[in-house]
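User: I'd like to learn how to read a multi-chain model. Could you walk me through it?

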Amino acid sequence: MASTEGGVKEAPRARTLSEEIYRRTGRQPARCYQCGKCSAGCPMAEETELRPHDILRMVGLNQADRLLTAKSLWLCAGCETCTARCPNDCDPASVIDELRSMAVAKQPDTLPRNLMAFHRSFLDQIRAHGRISELGLMVSYKLRTGSLFQDATAAPGMVTRGKLHLGAPSISGVEEVRAIFKACEEEER
Amino acid sequence: MARIGVFVCHCGENIGRTVDVPSVARAAQGFPGVVVSKDNKYTCSEPGQAIIREAIREHMLTGVVIAACSPHMHERTFRRVCASAGLNPFLCEIANIREHCSWIHEDRGEATAKAIDLVRLAVEKVKRNIPLETISIPIERKALVIGGGIAGIQAALDIADGGREVILVEKEPSIGGHMSQLSETFPTLDCSQCILTPRMVEVAQHPRIRLMTYSEVESVDGYVGNFDVTIRKKARKVDATICTGCGACMTACVQRKVSNEFDEGLSKRTAIYTPFPQAVPNIPVIDQMKCLRILSQKKGKQDACGKCLDACAIGAIRFDQEDELVTEKVGAIVVATGYSLYSIGKEQDSPDISGYGEYGYGTIPDVIDGMQFERLASASGPTAGKILRPSDGKEPKRIVFLQCIGSRDRAKGIDYCSKICCMYVAKHTMLYRHKVHDGQATVFYMDVRANGKGYDEFTRRAIEEDGAVYMRGRVSRMYRDGDVIKVVGFDTLAGEPVTIDADMVVLATAIRPRPGIKDLAQKLSISYDKHGFLNEAHPKLRPVETNTAGVFLAGACQAPRDIPDTVATASSAAAKVLGLFSQESLEREPTVARVDISHCAGCFTCERVCPYGAIGHREIRDRQGRLIKTVADVNPGVCQGCGTCQATCPSKSVELMGFTDEQIFAEVNAILA
Amino acid sequence: MTIGYYPGCSLHGTGREYDESVRAVAGALGLTLREIDDWSCCGATSAHSVNPLLAVVLPARNLALAESAGMTDVLTPCAACYNRLARSEHAVATNPELAEKMPRLLGRPFSNSVHVRTVLDVLRESLPVIKEKTVQPLKGMKVACYYGCLLLRPAEIAGGDDPESPTFMEEIVKAIGAEPVTWNLRMDCCGGSMSIPHAESVVRLSRAILEDARSAGAEALVVACPMCHSNLDFRQQAYTNKGETTLPVLYLTELLGLALGLNAESLGLKRHFVSPAPMLERMAVAAKEAV
């Protein structure tokens, strides 16, 4: 907060994207010198428009609008190879995770359908039972995305091999799990 | 009776803007002992100095206080003024009313009051000053140069050509250093050995240079102008006085599988060897870790082998030769120990550094470092200058060069840039193209740092004339796939991931300080940075001096450096040495400690706490020669005037001239009054 | 020796044979597994993709449960679960602010005293016992050890191994007589949890892995993650052309169990999509010939 000689205080300025990412990850986006080593090792680089180093650049330039609506964020496989190899410890994997959570909060309508549906169904399962029922997950996902027939032929194979539980697992501590969800959602980030 | 003169300076606006200088002068006039007090706009100027000189004579001053800028700036100037007016220069004190007052305070009233206090302190102190004479120390006009690479060679030649004796100590069997391993040098593509070997021979033949190879500095004592150095001449096991360098012993040697360090492990050598054919001196050395005879002797078994003994026609092989310790007195030391290279393997020279597992930790065949490439390209190298793969001897048609291996990589523990790699990689691509006309070089880089004379043009030649393809991006990993090495990188300028099939990969590794440099630095009492590069006295204004008087730096031991800059620093260090030697004697400030032998009880607590080893023992004897007592004795040539002894002495028997307890207490009382 | 056990959701579902083989092998090696009572989902990929704080707290519930049950170490076979639990352990250990908040967010006391371990790390510790109890050494059977990415993350920990040149799996596999092949994509991502929402990536990545293993001469791929297993086994048909031989994908513990003389069915080998039967037959033949 700046204060001038005359004693008038300026209104607090909103954090820029790079400040926000720094606050959340503890890493300064300015440390990225765009060497591209992260993108070189990224398994999804062939399929994404924005690669990890592009994302870091855009964070540094505070291009929030473009970034938070980018599909590329959601194609990150979470393999953390970028983070493992970055020469400046920029932790691109965490930066991408934080951008995703910011996108969920600020731009929910722009998120790619299938990927979001999967994550939502997955988390719903945990909230409902404390554990994942793979059948429940599939049903929820398919209803959300309308992809009723995807992998449908695999289901019988899964069942005969005893790999698909038909019931729903439940734990006695499920309320505790729900409370964790609530606490984390309410916690100021 | 004290007759003190006070001269308060405005220093233009620097002091005058914040401190009411005339009122300080007026206040000083009233201090006990002050007979004249003036103020002046620029006291250090000619007219300003003249006023002081005149006042000394006119008022017969016994002491002078200048209230002005820091003593670092002009104490010397004002002392000279006093001396020229016939007043002992150490009867002059500076009250710093600039850095300690006007530059750090804003309130005029408070600053002025403080300035008056500072002047009052200085007056009380100077009343208790005693006249002192500068201390003269003799200088041994011989230099020691540690390290026989191009830096040491240049420094030694310059000092010797300047008419002074030099001892050049080199730990390897031959001088030449890393430069002798290079093929061609940038930006001229001169053959490295061709320009170096004449210098090496000049060193060996110079009447004023005493060359000690296969030798190391064991210990250093003393101080500037008067260093006592002990040098260990390691046993070559060969009598250097009669060996003719015919090489028959090397031909006869049975142990032929020792990894050749000069060729960076790309070839083998014998146990008795010279590092390279142009070695100076051309006298072999026996590797005591590999010689079969010596190994058998160590195990207490019967003497094995001995073929070299038989082969030597003049009996120069001496298995009974031992290391020899030699002591020398020198007046100056030049440290020119050079650099080492970051390892491409897993083991590193420091626990804070890690290796590149993603590039295979040096285990992938045909992934080599820059120095190994130099050996391949060198006419005297393992492949007679042909670029061939170490794995199968085939000529690589596609070589990928990676810059910044270790350098600028904080995750690996190195944050600095190694300065020379961008240039030598460009050079490598050109050498490659000149030798393999259909070869394709690709360089993965982040930046191209080419800021010397003709350097940028040189790198453009590599790209525009010799077809090197430069891709901006670091490589994520590489692995061997059959006969090729897959290099998985990214072209950040084109925005595409790129995987290149390479026949050979060359890694441009970071410049590192030499192993053991910290031990040498400790021996010389010089400091080093967190990496181990030796510290200069001032990064801009004193780049070849250290904080230890008489010890100078040349070349890459201080920081990554190319050949032109190395030679420049070597000559510069030599100039400093010659300048030192051109003085009649060394003048030292007399603000050193002095022992009052009548009080000293000889407890030697001061000796224990002295950081410079400046305190010794002195026997006090009566006329009959009987020992009365042994007291402490300060060597004025070594004492740095830190005052630790004074603070420690239980009987107040040692004091710093110019900073006695009486003076300090007088100042304190002046403030409290 | 007793060790805490966190199976994770997949091991009760599509990764069932992993759970079965881990338990069977543990029993054979004299390792007692104490399953964490009332454990909950670690959050896997979805939690960290959407809420990074949740991603650290959710797995920590299991660590807190383990802690109050007096456990010091927890074995987590699933690589993804390992990654989440280990990340949580590491994050709390290195961030004092987070450590302070944890009990409140968890609704439980928590002092981060439990250490999370991979199946590779635990088995490697038991190498002498493994060697001793190997009754059916795999006689030079060529296998490709596939680590995937998450077992080696966070890279600072990498489950105790070197994240760029890991050797734990090869050491274990060698101890039971098999021959690990040298191949290149052993640490490359298989596509992970994109299996359902973005299967085309999985097909691309997993195909490359399988082809590389095949061209290196592997007779089987050995994994330690149910997600990798699913992508490489369940989805193998999607990228295997007609006429191409399939490559069986075994969990490390299944392979180990075979060498320890355990019954194939008890190890869950019947649950694979790419049948390991031809490979098992070859092994049986080789064993007979050796006698």
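Analyst: Leaving aside neighbours within four places in sequence, C:Val222 is in contact with C:Val143, C:Ala144, C:Cys145, C:Tyr146, C:Met169, C:Val173, C:Leu250, C:Leu252 and C:Leu255. A caution on what you're looking at: the model is predicted, so local features need pLDDT of at least 70 and side-chain atom pairs count only at pLDDT 80 or more, while totals for chains, interfaces and linings use all residues. Residues are numbered from 1 along each chain as its sequence is written, with chains lettered from A and ligands numbered from 1 in the order in which they are written.

User: Which residues touch the most other members of the largest nonpolar core?

Analyst: In soluble globular proteins, nonpolar side chains tend to be buried together. A nonpolar core here is a set of buried Ala, Val, Leu, Ile, Met, Phe, Trp, Tyr and Cys residues joined through C-beta atoms within 7 Å. Buried means that 20 or more other C-beta atoms lie within 10 Å of a residue's own, again placed from the backbone. The largest core has 149 residues, and C:Met169, C:Ile172, C:Leu221, C:Val222, C:Val223, C:Ala224 and C:Cys225 touch the most other members. Helix H3 (residues 52–68) of chain C gives the largest share of this core, eleven residues. Apart from it lies another core of 120 residues, B:Leu157 and B:Cys422 among them.

User: How many residues of chain A are in contact with chain C?

Analyst: The size of an interface is often given as the accessible area lost when the parts come together. Here we count residues instead: 49 of chain A are in contact with 43 of chain C. H7(A) brings the largest share of chain A's side, eight residues; helices are DSSP runs (H or I, at least four residues), numbered from the N terminus.

User: How many residues of H18 in chain B are buried?

Analyst: One of its twelve, so H18(B) lies largely in the open. Helix H18 (residues 661–672) of chain B reaches 16 Å from first C-alpha to last, close to the 16 Å expected at 1.5 Å a residue; the expected span is 1.5 Å times one less than the number of residues. Of the 673 residues of chain B, 45% count as buried.

User: What separates domain 2 and domain 3 of chain B?

Analyst: Domain bounds come from an automatic or database domain assignment. The centres of these two, taken over C-alpha atoms, are 28 Å apart. In contact are 14 residues of domain 2 of chain B and ten of domain 3 of chain B.

How values were computed. Contact = placed C-beta atoms within 7 Å. Helix = DSSP H or I, 4+ residues; strand = E, 2+ residues; numbered from the N terminus.
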